[in-house]
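User: I'm new to this one. Could you walk me through how to read it?

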Amino acid sequence: MPSPLKDFASLTVLRQQLKVQQEARAAAELEQQRRAKVAAIEADLFRHSIGQVAPLVVPDKAFLQAPRPEPIARQHLADEQAALAESLSDDFSVETLLDTDAELSYARASITADTVRKLRRGHWVIQSQLDLHGMRTDEAREALADYLRSVCRRGLRCVRIIHGKGLGSINKEPVLKGKVRNWLVQKDEVIAFCQAKASDGGSGALVVLLKAQT
């Protein structure tokens, strides 16, 4: 039979444990109440600081149809292209309008020699090129006219025209070389051109300087 003293001691320990648990529960409840009170105070402060809130009014949406592009005047473009092509004559001579030097550089009378030197040295970056290799004379003339119109509309200043060295022609003669030069001088937008550097095509190409577009 257990001793009364031992039973009393066990009961005392049990009471102490229960007391600790009760105190812990009470402390947890107090902390929970404190946090709820703080949250309520902060919520009140927030509501008072922003005042009354009304939902945003969403305006009615209007779905507008994008305007259709204007129709392309195809016949007008065709007529313009034909006029440009016909304006380039094979009977024109480059020597009658341009100054020339030993390095095959050409410029209109209003263009300074310094501009030509800059063109030969690559002062202007070549922005585009047209390759006329393998084209017949009529094809090349039309392609050049159309190309000059296109690059001028885009505001380009410096382009390269590749006419070839004639290695695939009869008697190895560069058929387009002289014709391209004669065609170029008939275009007002062309103010100078010179033989390309070796790295840019050498005797098989011309570097062309165009008027600045206003």
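User: Which residues of helix H3 are buried?

Analyst: In an α-helix there are 3.6 residues a turn, so residues three or four places apart point the same way. Here, H3 spans residues 113-120, and Thr115, Val116 and Leu119 are its buried residues. Down the axis of H3 they fall within an arc of 100 degrees, so they line one face of the helix. Just after H3 comes Gly122, with a positive phi of about 80 degrees.

User: How many of the residues of helix H5 are buried?

Analyst: Seven of the 10, so H5 (residues 175-184) is largely enclosed by the rest of the structure. Among them are Val180, Trp183 and Leu184. Its cover includes E2, helix H4 (137-153), E4, E5 and E6.

User: What about the largest nonpolar core: which residues have the most contacts inside it?

Analyst: Nonpolar side chains tend to be buried together in soluble globular proteins. In this model the largest such core has 23 residues, and those with the most contacts inside it include Leu132, Ile161, Phe193 and Val208. H4 gives the largest share, seven residues. Apart from this core lies another, of 13 residues, including Cys158 and Leu209.

User: Where is the pLDDT below 50?

Analyst: Where pLDDT is low, the predicted coordinates should not be read in detail. The chain's mean pLDDT is 78, but over residues 92-102 the pLDDT is below 50.

Methods:
Residues numbered from 1 in each chain as written. Predicted model: local features only at pLDDT ≥ 70, side-chain atom pairs only at ≥ 80, totals over all residues. Heavy atoms only, no water. pLDDT = per-residue confidence, 0-100. Contact = heavy atoms within 4.5 Å. Buried < 20%, exposed > 50% of the residue type's maximum accessible area, 1.4 Å probe, protein only. Helix = DSSP H or I, 4+ residues; strand = E, 2+ residues; numbered from the N terminus. Arc of directions from axis to C-beta. Core = buried A, V, L, I, M, F, W, Y, C linked by side-chain atoms within 4.5 Å.
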